[in-house]
Structures are given as structure tokens and as C-alpha cells.
Amino acid sequence: AAGGAQQVACGTGLLRSLRAAGLAGSAEAYESLLRASCRAALARSHPSPARAAHGLYAEMGSLGLALPPAAASQLLLACARTKQAAQAKEVFERVAPEAGHAAEEAEEAEEEAAA
């Protein structure tokens, strides 16, 4: 587990070095590190990896990189389980409009089918 944390720290450092040089890492690189941090947070029920994952999420947002819904769900779970309520709420509020929109569309389709 310590090796995994070390790899995540190394990867995060590389992404930050790229950003300092005016470059950006790929969405896939950010997602991979974010998911590894979430797994660490869930395995140890420790808030530090969850905070790191949320930091990567915020960095992705500032770069205009989207996080796939499955990864956002994993981040939401990691934040919630490690009592990072503000971060969990922020992730939920960003993901929920899409979920709410899908629910509205499904509801409308059901109404049209019934009519």
C-alpha cells in the first residue's frame, strides 16, 4: 500500500510540474491518479487520500477536463466515507444536474408512452 501511495504522490508531482511549465496532463492521467487516491481513501478510511483525490478533481475542473461519471461516483463515495462533507457535496452538485436531467427525460418518456 505504501508503494501505491508513493506512486500516486510521484504521479501527482509530475502533473503539477507539467502545469508549472504551462502544460497539462491528460484527462486519463488525472483520472488514474484520482481513482488510485480514492481506492486508498476507501481502503484505509482516511481523509488524506480523499482530500488529494478532490484536489485532483478541482485541478481537472480548472483545466476543463471532465471526470467520467463512474470516477465521480467513486470520488463522492471516498469523500463521504471519510467525512469530507463539503467535498462530497461539491462533487454531488456537479454530478447531480446530469443525473437529474436524465431522470426528467425518463419521466417524460414514460408520460409520452402512457399517453
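This is a predicted model: local features need pLDDT of at least 70, side-chain atom pairs count only at pLDDT 80 or more; totals for chains, interfaces and linings use all residues.

Me: How many helices and strands does the chain have, and in what pattern do they follow along the sequence?

Reply: Helices (H or I, at least four residues) and strands (E, at least two) are DSSP runs, numbered from the N terminus. Here the chain has five helices and zero strands, and reading along the sequence gives the pattern α-α-α-α-α.

Me: What share of the residues counts as buried?

Reply: A residue is buried under 20% relative accessible area, exposed over 50% and partly exposed in between, with a 1.4 Å probe and protein chains only. Of the 115 residues in this chain, 29% are buried by that rule. The accessible surface, computed by the Shrake-Rupley method with a 1.4 Å probe, comes to about 6,900 Å², and 58% of it belongs to carbon and sulfur atoms.

Me: How do α2 and α3 lie relative to each other?

Reply: Axes are lines fitted to C-alpha atoms, for helices over the stretch in contact, and angles run from 0 to 180 degrees between N-to-C directions. The axes of α2 (residues 27-44) and α3 (residues 47-63) come within 7 Å and cross at roughly 160°. Therefore α2 is roughly antiparallel to α3, a label for angles over 145 degrees. The crossing of α2 past α3 is left-handed, meaning that the near helix is turned anticlockwise from the far one by less than a right angle.

Me: Which residues of α2 and α3 meet?

Reply: Contact means heavy atoms within 4.5 Å. Among the residues that meet are Tyr 30, Leu 33 and Leu 34 in α2, and Leu 56, Tyr 57 and Met 60 in α3. By class, this contact of α2 with α3 has 15 nonpolar, one polar and three charged residues, where Ala, Val, Leu, Ile, Met, Phe, Trp, Tyr, Cys and Pro count as nonpolar, Asp, Glu, Lys and Arg as charged, and the others, Gly among them, as polar.

Me: And how do α2 and α4 cross?

Reply: The axes of α2 and α4 come within 9 Å and cross at roughly 35°, and this crossing too is left-handed. Including Leu 34, Cys 38 and Arg 39, residues of α2 meet residues of α4 such as Gln 74, Leu 75 and Arg 81.

Me: Is Gln 87 buried or exposed?

Reply: Gln 87 lies in helix α5 (residues 85-114), and it counts as buried because its relative accessibility is 19%. Leaving aside neighbours within four places in sequence, Gln 87 is in contact with Arg 51, His 54 and Cys 79.

Me: Where are Ser 45 and Lys 83 found?

Reply: Ser 45 is in the loop between α2 and α3, and its phi is near 50°, a positive value in a residue other than glycine. With a relative accessible area of 53%, Ser 45 is exposed. Lys 83 is in the loop between α4 (69-81) and α5, and has a positive phi of about 60° although it is not a glycine. Lys 83 is exposed, with a relative accessible area of 73%.

Conventions
Residues are numbered from 1 along each chain as its sequence is written. Side-chain values use heavy atoms; hydrogens and water are left out. Angles under 35 degrees count as roughly parallel, over 145 as roughly antiparallel, 65 to 115 as roughly perpendicular and the rest as oblique.
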